[in-house]
Amino acid sequence: MVELETETPPHLSVHDVSLHFGGVQVLDSVSLAVSAGTILGLVGPNGAGKTSLFNCISGHYRPTGGTIEVDGTAVTRRAPHRMPATGLARTFQHPALRLDASVLENVLVGAHTQLKGGVVSYGLRLPYTVRNERAVHARALELLDFLGLAGVAHRTAGTLGYGLHKRTELARALLARPRLLLLDEPAGGLPHAEVEKLIETIRGVHAEFGLTLVIVEHHMGLISALTNRVVVLVHGRKVMEGTAAQARRDPMVVEAYLGKAEP
């Protein structure tokens, strides 16, 4: 595990973010700050608002109130397709892959932020666009190799298991060269043996690329192994912030999330 967070300017700042759908309050004045290079876990029971907060941060939802900043730049109402310019990328709880396309082709979907030039320049195959395409293609292959996917790069995604789908989506997010990466339930649906491999993969990604990570996850073993600290949401409100060990012993968290007190 990396060292505990020090007093540095926040890479991600969420201040008093609220979200309503009609008369239903999904998030209630949630605030958190994540320093550059650290790993934050966002945990809580089903329906706590974790993915909704991710959707607000990544621009898929517009908060009813509050502000969100990335490196001091307000992104509260920025559209999702403009988020990569801030250095932010994310994965989803259920990978959205084209099952009839190859793993490499699915990863290259994440290259739109790396391709320089307009439709005309690419249509004319100008030399700098060709060089750019080749560089992006080479980077995609490097990421597939780094994530252990080189051997299946040209296989269609539909022929592969769920764990490889998760890795493919991670490679696609990394192709955008993010500095802040949001991982939405990366261990969801994986057997125990694959979760252990995933922990090592995320550690490797964090170390290799120097990213700031925010992880939504129910698997407390993964959260304990990876995070500097955790924020616990219950019914859309932040009820606790501290280390994973502190969260596992907090009476409110135990009742709402873990279900029973530890001996």
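A cavity is here a set of points, on a 1 Å grid over the protein atoms alone, where a 1.4 Å probe fits but cannot get out; grid points are joined across faces, edges and corners, and a volume is the space filled by probe spheres set on the points. The model is predicted, so that local features need pLDDT of at least 70 and side-chain atom pairs count only at pLDDT 80 or more, whereas totals for chains, interfaces and linings use all residues. Residues are numbered from 1 along each chain as its sequence is written, and side-chain values use heavy atoms, with hydrogens and water left out.

The structure holds 1 cavity of 30 Å³ or more. The lining of the largest cavity comprises 13 residues, and T91, K166, L170, P186 and L198 lie nearest its centre; lining residues have an atom within 4 Å of a point. Helix α5, strand β7 and helix α6 (192-209) each supply at least two lining residues, with the largest share, 5 residues, coming from α5. Helices (H or I, at least four residues) and strands (E, at least two) are DSSP runs, numbered from the N terminus. By class, the lining contains 6 nonpolar, 2 polar and 5 charged residues, where Ala, Val, Leu, Ile, Met, Phe, Trp, Tyr, Cys and Pro count as nonpolar, Asp, Glu, Lys and Arg as charged, and the others, Gly among them, as polar.

Strand β7 also belongs to an open sheet of 6 strands, ordered β6-β7-β8-β3-β9-β10 with mixed pairing. Because β6 (88-90) and β10 (237-242) stand at the edges with a single partner strand each, one side of each is left without a neighbour in the sheet. Neighbouring strands of this sheet are turned by 20° against each other on average, direction ignored. Two strands pair if DSSP finds at least two bridges between them. Strands β7 (residues 180-184) and β8 (residues 212-216) are paired in the parallel sense over 5 bridges, and L180 stands opposite T212 in β8. Helix α5 (residues 162-175) lies across β6 and β7, at about 160° to β7; axes are lines fitted to C-alpha atoms, for helices over the stretch in contact (heavy atoms within 4.5 Å), and angles run from 0 to 180 degrees between N-to-C directions.

Elsewhere, β1 (residues 10-21) pairs with β2 (residues 24-35) in the antiparallel sense over 8 bridges. In this hairpin, with 2 residues between the strands, G22 takes a positive phi near 65°. Strand β1 is also joined by 5 bridges to β4 (residues 65-70), running antiparallel, and H15 has T67 of β4 as its bridge partner.

Notes:
On a 1 Å grid over the protein atoms alone, a cavity is a set of points where a 1.4 Å probe fits but cannot get out, and a pocket is an open set with protein on both sides within 12 Å along at least five of seven lines; lining residues have an atom within 4 Å of a point.
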